[in-house]
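Me: I am new to this structure and would like to go through it step by step. Could you take my questions as they come?

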Amino acid sequence: MRQIQFVIASVLLLMIAGCEPFAKSYADTSVPKMYEAGNVSNFDYVGEPIKVITWNIRFGAGRLEWIIDSCGEMALADYDSVEIIMQRIADTLNVIDADIVLLQEVDIESKRSGFMDQVQFLLDNTNLNYGAYAPMMEVDFVFSDGLGRINTGNAILSKYELTEAERIKLSLRTDQSTLVQYGYARRNIIKAKIPDLVQAGKDFYAVNIHATAFATDKTKEKHIERYLEELSSISDNGNMFVSGGDLNSVPTGSTIDFCANDMCSNDEIDYTIEGHEEHREGSYFGNFDSEPNILDPLYNLYQPAIDIELRNLSEHFTHAPSTSISSDGSLTKYDRKLDYLFTNKVWKPASGKTHQSAWHLSDHMPVSGIVQLDVE
Amino acid sequence: MHKSRNLILWFFVFSFCLGDMQNWRSHSANILPQKRWEVGLFQPFRYGYSETLEYSAYPLWFFIMPNVTFKKSHENFSGYNVATRWSLFYPTPILNMASKKGIGGFIDPTFEIPPMIGFSLSLIMTKPMFGSEITLNSGIDIGLTFGDLDARSNIELPLLYHRLSVFHNSYGLHTGLDIENSITKKLSTLVDVDFSILPGMDSKETDSGISKILGEYSLEHKFLLIYEKSKRFRILTGYKFVFGEYPFGPESRLLPFLPLVDSWIPMIELQWGRSLR
């Protein structure tokens, strides 16, 4: 009898261990993976302003002509190059010396980036101590383009301890087949409290988002609405936040059609023709009526790190696909703004910077700012 | 054309997952009787060429992955039936088919798989013990590549990864135990455990001792319930469990596993056999 019980228990154990879903999905809110640097250096907060940066680091692939988003043929980065680029990203973060870092497209276990845990790598190679990671795509094996295993997502890194971290689920796209959606990105907002930065009983939160890039339906609107809801709930409770990320949206007044800029030589449609009816996924920002102005509520309610008057200047552009070509044949390093920082506190005047010199480390450029917690 | 190519690839992967369902006869040191043939939905065609030699091949895969296996019986040793199994396969065409853009692309489309030959040799010993048929096997797997094989061109899936890794590591070692039990005249069970190692593969600089020796390893366990309707037809069902070390760490998986519904389903295999007069 005991032998039978042992066999049944063993079989059940095997079934549980071996039946993890192939592509992970998530509850409305879940707990992110928490990290700590190999060597934690103590920072005592003494009331100085806080430097914040947001950066979509593109899994350390730099300007790789990647098969998914930049007319390329390659699915996998060269692993030695990923290590070199990740080290340069760490060096850049050390030079900027931010207290809080909001990252998007960070890989922790992906074949395309050599299965490197990039959150741990950055913590071990910068002066940042703590991390929280929320997966956007956690798939055992992507049966497409040779991508294989992917675990990529958003992360918050900080000099100060992070607590009560939360992964907040965002809506899935509705313009995809079930099969494609099964292994596709599950976008999220990651939020964490930083107890060391509490001011006069007000809690301090870091909030990081990577909104949908390629949706042609109203998914982006839902993502921004959910993001606003989250920020409002912090503000309405009398607390403070610094927030940002890759919103995959252009500011009001920006060009909205980048189809010709992003066109690949093998595209079936000639997007350079004036008034082309179909648009490239991810290159057009007018898929629904309110999309060109989708960020207005953020600008109306909160303080942007890059002033509203400056947001459409080329010196604050943060993105261009790796293979975008200028009219003179040279590489377009940046031609639109997709990355933002906001706070419900006050930015130090003129502290907002777009670090375009880092254009070669990703197809997005970091944006930083210094927030003054003691100024109302 | 694309659809048929995808279909072939998926059939290949599916049959690979189910392809370890051989009954005790193919696992054991016993040779098929002369002129008897057997074939299954996902199993190789096996033929008893003589009283001491059996050969087998996967006919459906043959044009995309030429393969052949010989099993030769030898003199008994300490009451054990003894045989050696010699396998040869050429995976280059199927892997180049899997190196493609879009759905069904298992390998980066920019990689070209060079000519490669896989060779496997096993010593198999079978003996009736404790009312069961016990089979022990051990052997070596060798992967010969004739050109540059990109380290990233492996497929990190259970069963596939450790078999293909032989080409990245040049060699691997395997050992296993099979226990076959008759429940009734027509019903029997097969339980097996197979362990394979790729010594030195992907071991870190900090690894030492047993970790370095084992390299990347896999432990496979299978349970099959076999109903032998007659000498000409049998049905098999059961599961396979794989635990292994991959470049991203250890992982276990119960097979067959259907990704879209995220569920294990029992494997079902039909096998036919007959003797030529």
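**Backbone and helix packing**

Reply: To begin with chain B of this predicted model, B:Ser78 counts as exposed because it has 7 C-beta neighbours inside 10 Å, and 12 or fewer is the cut-off for that class.

Me: Where is B:Ser78 found?

Reply: B:Ser78 sits in the loop between β4 (67-77) and β5 (80-89) of chain B. Its phi is positive, about 50°, although B:Ser78 is not a glycine.

Me: And what is phi of B:Ser170 near?

Reply: Phi of B:Ser170 is near 75°, a positive value in a residue other than glycine. B:Ser170 belongs to the loop between α4 (160-169) and β8 (171-182) of chain B. With 15 other C-beta atoms within 10 Å, B:Ser170 is partly exposed.

Me: Is the peptide bond from B:Leu255 to B:Pro256 cis or trans?

Reply: That bond is cis, with omega near -5°. B:Pro256 is in the loop between β12 (249-255) and β13 (257-258) of chain B.

Me: New topic: at what angle do α2 and α3 of chain A cross?

Reply: The axes of α2(A) (residues 79-96) and α3(A) (residues 118-125) cross at roughly 45° and come within 9 Å. The two helices are therefore oblique to each other, and their crossing is right-handed.

Me: Which residues make the contact?

Reply: From α2(A) they are A:Met86, A:Gln87, A:Ala90 and A:Leu93, and from α3(A) they are A:Gln118, A:Phe121, A:Leu122 and A:Asn125. Of these contact residues, 5 are nonpolar, 3 are polar and none is charged.

Me: Last one: what does the model score?

Reply: The scores are ipTM 0.87 and pTM 0.90. Chain B has a mean pLDDT of 88, with 88% of its residues at 70 or more.

How values were computed: Residues are numbered from 1 along each chain as its sequence is written. Chains are lettered from A and ligands numbered from 1 in the order in which they are written. This is a predicted model: local features need pLDDT of at least 70, side-chain atom pairs count only at pLDDT 80 or more; totals for chains, interfaces and linings use all residues. Axes are lines fitted to C-alpha atoms, for helices over the stretch in contact, and angles run from 0 to 180 degrees between N-to-C directions. Helices (H or I, at least four residues) and strands (E, at least two) are DSSP runs, numbered from the N terminus. Angles under 35 degrees count as roughly parallel, over 145 as roughly antiparallel, 65 to 115 as roughly perpendicular and the rest as oblique. A crossing is left-handed if the near helix is turned anticlockwise from the far one by less than a right angle, and right-handed if clockwise. Two residues are in contact if their C-beta atoms, placed from the backbone, lie within 7 Å. Ala, Val, Leu, Ile, Met, Phe, Trp, Tyr, Cys and Pro count as nonpolar, Asp, Glu, Lys and Arg as charged, and the others, Gly among them, as polar. pLDDT is the predictor's confidence in each residue, from 0 to 100. A residue is buried if 20 or more other C-beta atoms lie within 10 Å of its own, exposed if 12 or fewer, and partly exposed in between; C-beta atoms are placed from the backbone.
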